[in-house]
Amino acid sequence: MWRIVKVTGIFAFLILCSLQDIKEQKLSVKMLLLSGALFMISSHLFDQISYGQRVAGMLPGMLAFVLAFMTKEQIGYGDAACLTVLGNVVSVEILFGAIAGGLFLLSICSIILLVRKKADRKTTLPFVPFLTAGMIGQMIMQKG
């Protein structure tokens, strides 16, 4: 039962973040904080994940914060916060798989837009919708 609630919560969070990222090109700090707190509390209550695994799960998000700073927000702080929130409830392997899948889909989309001359190298695309697709792929692969 907890797995169904957890997966539903993850996808509700990602879909809300995706819609906001597409529409506003930024993520709500309040939504990220509230979701992060809810995920952290529920994960502590219902998941049997060690402290080390939780820290490892948040490392991709922490690395993204460093990259956001170093690249002057070419990678957004909202994306980093979203990854950190997800790191509370999914394993680092699942999160890295979702990131890799999202980046792969983002690169395909970018190539298509460049070839069709709908974008140039300065065009920014929201990452969270692609991360959502990557997470869907990870959840499908984890079922089997």
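The count of salt bridges in this structure comes to one, where a salt bridge is a side-chain nitrogen of Lys or Arg within 4 Å of a carboxyl oxygen of Asp or Glu. The partners are Lys6 and Asp47, whose closest N and O atoms are 3.2 Å apart. Lys6 sits in helix H1, while Asp47 belongs to the loop between helix H2 (29-46) and helix H3 (51-70), so the pair ties together parts that are 41 residues apart in sequence. Helices here are DSSP runs of H or I with at least four residues, numbered from the N terminus. Lys6 has a relative accessibility of 19% and counts as buried, and Asp47 is buried too, at 13%. Buried means under 20% relative accessible area, exposed means over 50%, and partly exposed lies in between (1.4 Å probe, protein chains only).

Before we go on, a word about the model. It is a predicted one, in which local features need pLDDT of at least 70 and side-chain atom pairs count only at pLDDT 80 or more, while totals for chains, interfaces and linings use all residues. Residues are numbered from 1 along each chain as its sequence is written, and side-chain values use heavy atoms, with hydrogens and water left out.

Now follow helix H1 (residues 2-24) to helix H4 (residues 77-87): their axes come within 12 Å and cross at roughly 175°. Axes are lines fitted to C-alpha atoms, for helices over the stretch in contact, and angles run from 0 to 180 degrees between N-to-C directions. H1 and H4 are therefore roughly antiparallel to each other; that word is used for angles over 145 degrees, with under 35 counting as roughly parallel, 65 to 115 as roughly perpendicular and the rest as oblique. On the H1 side, Ile10, Phe13, Leu14 and Asp21 meet Asp79, Cys82, Val85 and Leu86 of H4, where contact means heavy atoms within 4.5 Å. Six of the residues in this contact of H1 with H4 are nonpolar, none are polar and two are charged. Ala, Val, Leu, Ile, Met, Phe, Trp, Tyr, Cys and Pro count as nonpolar, Asp, Glu, Lys and Arg as charged, and the others, Gly among them, as polar.

Helix H4 also meets H3, and the axes of H3 and H4 come within 7 Å and cross at roughly 175°. That makes H3 roughly antiparallel to H4. Among the residues making this contact are Gly57, Pro60 and Phe69 of H3 and Tyr77, Ala80 and Leu83 of H4. The contact of H3 with H4 divides into eleven nonpolar residues, four polar and one charged. For a closer look, find Thr84 in helix H4. Thr84 is buried, with a relative accessible area of 11%, and touches Met58, Gly61, Met62 and Phe65, leaving aside residues up to four places away in sequence.

How many disulfides does a search of the whole structure find? The search finds zero, a disulfide being a pair of cysteine sulfur atoms within 2.5 Å. The sulfur of Cys82 has its closest cysteine sulfur in Cys17, 4.5 Å away, which is too far for a bond. For Cys109, the closest cysteine sulfur is that of Cys82, at 18 Å, again too far for a bond. Cys82 is buried at 0% relative accessibility, whereas Cys109 is partly exposed at 25%.

Our last stop is Ile99, in helix H5 (residues 92-115). Ile99 is buried, with a relative accessible area of 13%. Setting aside residues up to four places away in sequence, Ile99 touches Pro60, Leu83, Phe127 and Leu131.

Definitions and conventions: Helices (H or I, at least four residues) and strands (E, at least two) are DSSP runs, numbered from the N terminus.
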